[in-house]
Amino acid sequence: MSYTSSSPDGLPPVQMNNLKRAHAPLQAELKAAAARVIDSGWTILGPEVEAFEQAWANRAGAAFCVGVASGSDALQLALRALEVGPGDGVLTVANAGGYATQAILAIGARPLFVDIDGDSLLVDLEALRAALSPGVRALVVTHLYGRMAAMPAILALCRAAGVPVVEDAAQAHGAAWEGRPAGGWGDLSCFSFYPTKNLGALGDGGAVCCSDPALATRLRQLRQYGWQPKYRVQLPGGMNSRLDEMQAAFLRVLLPSLEAANMARRQVAGRYLAVLESLPDGAQPARPGAALDVAHLFVLRHPGRDGLRARLLARGIQTDIHYPVADHLQPGFGLRVAQLGQAALPPAGALPHTERACAGILSLPCHPWLEDGEVARVADALREAWQ
């Protein structure tokens, strides 16, 4: 769907994100950080990365943080650190954009999809319980839209089955469950610092956190070819995936603003939610009661999603769909599975709650840099466009 250049009243569209606004208040600090890196002579795995890793480990509630090139690489490296390999089964959900599935298939493992809860759109605990069979080597649990999955219950199930847990916390920077932050629960946790994340760099970046020193050592080797020492490959499955000094320096500038930015996101989401609750059949995914939501996205559900989206666009409101196609129905994933000689992915209808969610979800602009007038425009447009 193309974006309009303006709304009917001549105002510019309300954008899904506005990174120019995000960076404007910190221009001086960001430029100073860039100059510091240039002047230092360090570009890869230097003092900026080390300082950010320590700061982010503390924020995520983990003992160690290993900076890598992207959130996607973080997922791959976490699985490799657990020695998951070709043919191993890895549980995950199919409604989270395909990132975990991509990582699982990239290392030759088998994605085993668990349906989601129809209300929260997070992993369904009973479906997870049934899926924890002896052939499962790991679970990738996704915290979606800024909301954490029910980690105490998930960990209890997985510990009883002897299955390690990888948190995909790419959409949950600063989220928490009963005060314990996303990233501090699983055996390993993965973060993306893609620019539109709650904590976003000015390019790609990612991290893997853990509290096991042996896993941290493996991760540091695996992100750099499996070397130990330099130029001596000791571990199989190594990659070239390193958070660079420039992005680490930018993240150090942006990190102190995370809590305030998350609060601003929650305030925007609260204004939308008040409107949504006043509309007939207005619905948003249910909020787990013990979770601190950081409103990475504001997602609503509507049976005529595409019509609603077109009506909002006509009123100058940009929207997006996170995510329109379930992983088990993605042609490219099906082809990769066939290349690996694995059993075919589940057919349409196999994950009913997942498929129903993908057909009806819509994301409204929800970021800390929206102006009050823009939030009001979105709210008014939602009332007018809802049918």
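Which helix and which strand each supply at least two residues of the lining of the largest pocket? In this predicted model, they are helix H4, residues 71-81, and strand E8, residues 188-192.

Let me stay with that pocket. Its volume is about 580 Å³. The lining comprises 29 residues, and those closest to the pocket centre are Tyr99, Tyr194, Thr196, Lys197 and Tyr323. Sorted by class, the lining has twelve nonpolar, twelve polar and five charged residues.

H4 also packs against another helix. The crossing of H4 and H8 is right-handed. On the H4 side, the contact involves Leu77, Ala78, Arg80 and Ala81; on the H8 side, Leu215, Arg218, Leu219 and Leu222. That contact has six nonpolar residues, two charged ones and no polar ones.

Now the second largest pocket. The space in it is about 240 Å³. It is lined by 15 residues, and Ala22, Leu254, Ser257, Ala261 and Trp369 lie nearest its centre. Which helices each supply at least two residues of this second lining? Helix H1, residues 19-23, and helix H10, residues 258-277, do. H1 gives the most, with three residues. By class, the lining of the second largest pocket has ten nonpolar, four polar and one charged residues.

Technical notes. Residues numbered from 1 in each chain as written. Predicted model: local features only at pLDDT ≥ 70, side-chain atom pairs only at ≥ 80, totals over all residues. Heavy atoms only, no water. 1 Å grid on protein atoms, 1.4 Å probe; cavity = no way out; pocket = protein on both sides within 12 Å on 5 of 7 lines; lining within 4 Å. Points joined across faces, edges and corners; volume = space filled by probe spheres on them. Helix = DSSP H or I, 4+ residues; strand = E, 2+ residues; numbered from the N terminus. Nonpolar A, V, L, I, M, F, W, Y, C, P; charged D, E, K, R; others polar. Left-handed = near helix turned anticlockwise from the far one by under 90°. Contact = heavy atoms within 4.5 Å.
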